[in-house]
Amino acid sequence: MPSVIETVQIPVMPTPPAALMDTPVRPAPPASGTPAALLAHAARFGAYVKTLEAQNAAWRQWVSDGLKAEAAQ
């Protein structure tokens with residue numbers, strides 16, 4: 001009995017937006033332990049975390065939009 005080879009279409013992931021591929025740079029630790037240096041570091045680190053949270057939310061939205069588009073097909 002001859003074997004049958006079936007081909008299947010391989011799903012292709014769409015390219016994510018370039019903004020999602022950007023890696024935020026983690027701020028360096030403070031040079032000293034003075035209150036001013038620690039406060040400045042906390043502000044920089046807070047901005048870094050805010051960027052990470054926004055990027056994470058954008059990734060989730062991108063995936064959600066893709067799943068909705070896929071379900072609509």
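Tutor: Let's start with a term: helices (H or I, at least four residues) and strands (E, at least two) are DSSP runs, numbered from the N terminus. This is a predicted model, where local features need pLDDT of at least 70 and side-chain atom pairs count only at pLDDT 80 or more, while totals for chains, interfaces and linings use all residues. Residues are numbered from 1 along each chain as its sequence is written, and side-chain values use heavy atoms, with hydrogens and water left out.

Student: How many helices and strands are in the protein chain?

Tutor: Two helices and zero strands. Helix 2 covers residues 35-72.

Student: What is the radius of gyration of the protein chain?

Tutor: That value is taken over C-alpha atoms, and the globule rule is 2.2 Å times the number of residues to the power 0.38. For 73 residues a compact globule would come out near 11 Å, but the protein chain has 22 Å. Along the principal axes, the C-alpha atoms fill a box of roughly 80 × 30 × 15 Å.

Student: Is His-41 buried or exposed?

Tutor: Buried means under 20% relative accessible area, exposed over 50%, and partly exposed in between (1.4 Å probe, protein chains only). His-41 has 17% relative accessibility, so it counts as buried.

Student: Which residues is His-41 in contact with, leaving aside neighbours within four places in sequence?

Tutor: Contact means heavy atoms within 4.5 Å. His-41, in helix 2, is in contact with Pro-27, Ala-28, Pro-29 and Pro-30. Now take Gln-61, also found in helix 2: from Ala-28 it is 33 residues away in sequence and 30 Å away in space, C-alpha to C-alpha. Gln-61 is partly exposed, at 40% relative accessible area.

Student: How many aromatic pairs does the structure hold?

Tutor: Rings of Phe, Tyr and Trp (its six-membered ring) pair if their centres lie within 6.5 Å; planes under 30 degrees apart count as stacked, over 60 as edge-to-face and the rest as tilted. The structure holds two such pairs. In one, Phe-45 and Tyr-48 have ring centres 5.5 Å apart and planes at 50°, so the pair is tilted. Both lie in helix 2, three residues apart, about one turn of the helix. Phe-45 is partly exposed at 26% relative accessibility, and Tyr-48 is buried at 14%. Trp-59 and Trp-62 form an edge-to-face pair, 5.5 Å centre to centre with 85° between the planes.

Student: Why are Trp-59 and Trp-62 separated by about one helical turn?

Tutor: Because they are three residues apart in helix 2. Trp-59 itself is partly exposed, with a relative accessible area of 29%.
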